[in-house]
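Hello,

Here is the structure I promised to pass on.

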Amino acid sequence: EMVADWRTVVPREMEQRKIGNCIPARRIVAVQTMSSRDLVLYLSDNRMIRAQLRKSCNARDFYLGFMVEPNEDGNICAGRDTLRARTGATCKIEAIRQLVPVE
């Protein structure tokens, strides 16, 4: 329900901004495929994050969500953590960028 509301107000044109290599795992409330290698992670603070997967991965494997082995810092980090889909697919995140509306 929350994602459906966001889709109606999300601008069509977005730009990417660097935000570091990690995001807090507990803030992820929804996931959506963006392209064959990209996921959009919707966070509880209304940020949208583009998670680019490795070339050998298929983002569609993770559209129903994913699991991550918990780390002491509570973050999901590019180059460190492996996403695990319910289907058994696994993949590492290659890069993380914040999506912001183009003004």
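A salt bridge here is a side-chain nitrogen of Lys or Arg within 4 Å of a carboxyl oxygen of Asp or Glu. This is a predicted model, in which local features need pLDDT of at least 70 and side-chain atom pairs count only at pLDDT 80 or more, while totals for chains, interfaces and linings use all residues. Residues are numbered from 1 along each chain as its sequence is written, and side-chain values use heavy atoms, with hydrogens and water left out.

Salt bridges first. By this rule the count comes to 7. In one of them, R80 and D73 meet through their side chains, with 2.9 Å from N to O. For burial I use relative accessible area: buried means under 20%, exposed over 50%, and partly exposed in between (1.4 Å probe, protein chains only). On that scale R80 is partly exposed at 34%, and D73 is partly exposed at 42%.

E15 and R17 also form a salt bridge, their closest N and O atoms being 3.2 Å apart. E15 is partly exposed, with a relative accessible area of 34%, and R17 is partly exposed at 41%. Elsewhere, R27, D45 and R47 are linked in a network of salt bridges.

The pair I would look at next is D38 and R50, a salt bridge whose closest N and O atoms are 3.1 Å apart. This pair links distant parts of the chain, with D38 in strand β4 (residues 38–43) and R50 in strand β5 (residues 48–53), 12 residues apart. Strands are DSSP runs (E, at least two residues), numbered from the N terminus. D38 is buried at 8% relative accessibility, and R50 is buried too, at 12%.

Now the neighbours of β5. Two strands pair if DSSP finds at least two bridges between them. β4 and β5 run antiparallel and are joined by 5 bridges, with L39 opposite A51 in β5. They form a hairpin with 4 residues between them, and N46 in the turn has a positive phi of about 70°. β5 is also joined to strand β9 (residues 90–101) by 6 bridges, again antiparallel, and Q52 stands opposite A95 in β9.

Best wishes
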